[in-house]
Amino acid sequence: MSKKTVAIICGGRSSEHEISCLSAGGVLAGLDRSLYDPVLIGITKTGNWVLLPNDYPLAIINGALPTVDERATPLVADVHGFAVNGKALHIDVVFPALHGPFGEDGTIQGFFEIANIAYVGSGVMASAAAMDKSFSKTIFAAAGMAVAPGIVVTGESWKAMITDISYPVFVKPARGGSSRGTHKVKSGAGLEAALKDAFTFDRKVMIESAVVGREIECAVLESNGSVQASVVGEIIIDSRFEFYDFEAKYLDNATTVKVPADIPAAASEQIRDSAVAAFKALGCSGLARVDFFYTDKGEVVINEINTMPGFTGTSMYPKLMAATGVGYSALINALISTALARTNGVLGN
Ligand SMILES: Nc1ncnc2c1ncn2[C@@H]1O[C@H](COP(=O)(O)OP(=O)(O)O)[C@@H](O)[C@H]1O
Ligand SMILES: [Mg+2]
């Protein structure tokens, strides 16, 4: 078999630009070079597409997160595919290591469909539904899963939409990520400021009852035509944090991860089954990390699904898959094979 060229795309216009660069750095390092030749494509914060050298720095250096340099070689991406300096760039499959809006929300997937480019991960519909928590929650509930009760408010009309709220609540952008714009609000006094900040990320915001429980995550992988759940893992957050906020997610030593999670086998089985059910209910493809709360009463509440979860070698998704017997390079191979074999197209499974 001749080698395939894999374009790893990183950066993007979302607030998770830097995290995407870290994920792409992982994929680039983990890519099996006996099977694939990598091409690194960056999307700058302003939305310009560029070609990056394969040794472009994609790690944290002296505490600074990587970004895509606006001055890199311009790349044209259009309905005919990719070109640099007027010359077509041959790509067999794309690994969009992009998180958040314009990368994980179906928009770039729509571009790949129009340009007839194979890509790793979910299609347009599943990506969009997963990114928008107001839609994904509705689908989870319809599939019989417990979700946090709550309401959806919009920038213009939130005052009229709020009747009575029992605190504490979580306020979060409907299409956010990395906990940006997310607040735990303990009384009415803090609501307006929390909403104001959440609205800087999205005009649609969720107000949800705070679920008291442990945070348990499950990785789902579609490989060789079947969908499998990983063992489940727990995110254990240092007690100085109120919840799994941005700092808790990305500061060193702020959280520990326990894989497998120390919960009863029956709960773990329920979470694994729900993770696969959530993946299928949304019509996902390739991969997803499904995040749950496990309450003191033993209830399983689904929180969200991420169709392009953090993907560095030490991120939760690859860790969960490794604990299930699929190492990092094998995982990347499986995802690329699934992408190349995929025929379900724009509407998902
Ligand atoms: N309803 C809720 N109850 C309890 N904690 C919540 C709730 N919603 C969000 N959180 C906390 O905020 C974090 C981020 O919220 P999440 O919905 O996962 O958004 P993101 O897409 O930014 O990860 C969660 O991991 C959890 O710690
Ligand atoms: Mg989350």
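Visitor: Which residues have the most contacts inside the largest nonpolar core?

Guide: They are I8, V220 and V290, in a core of 74 residues. A nonpolar core is a set of buried Ala, Val, Leu, Ile, Met, Phe, Trp, Tyr and Cys residues joined through C-beta atoms within 7 Å. A residue is buried if 20 or more other C-beta atoms lie within 10 Å of its own, exposed if 12 or fewer, and partly exposed in between, with C-beta atoms placed from the backbone. This is a predicted model, in which local features need pLDDT of at least 70 and side-chain atom pairs count only at pLDDT 80 or more, while totals for chains, interfaces and linings use all residues. Residues are numbered from 1 along each chain as its sequence is written, and chains are lettered from A and ligands numbered from 1 in the order in which they are written.

Visitor: Which residues is V290 in contact with, leaving aside neighbours within four places in sequence?

Guide: V290 is in contact with C218, V220, A275, A278, F279, I302 and I305. Contact requires C-beta atoms, placed from the backbone, within 7 Å.

Visitor: And F279, is that buried or exposed?

Guide: F279 counts as buried because it has 29 C-beta neighbours inside 10 Å. F279 is found in helix α8; helices (H or I, at least four residues) and strands (E, at least two) are DSSP runs, numbered from the N terminus. Between F279 and V290 there are 8.1 Å in space, C-alpha to C-alpha, and the two are eleven residues apart in sequence.

Visitor: At what angle do α4 and α8 cross?

Guide: The axes of α4 (residues 133–142) and α8 (residues 265–282) cross at roughly 115° and come within 10 Å. Axes are lines fitted to C-alpha atoms, for helices over the stretch in contact, and angles run from 0 to 180 degrees between N-to-C directions. S136, I139 and F140 of α4 make the contact with A278, A281 and L282 of α8.

Visitor: Changing topic, where is P260, and what is the peptide bond from V259?

Guide: P260 sits in the loop between β16 (255–258) and α8. The bond from V259 to P260 is cis, with omega near -5°. Another cis peptide bond joins Y167 and P168, where omega is about 0°.

Visitor: What is the phi of S178?

Guide: S178 is not a glycine, yet its phi is positive, about 55°. Most residues other than glycine have a negative phi. S178 is found in the loop between β11 and β12 (183–185). With 19 other C-beta atoms within 10 Å, S178 is partly exposed.

Notes:
Two residues are in contact if their C-beta atoms, placed from the backbone, lie within 7 Å.
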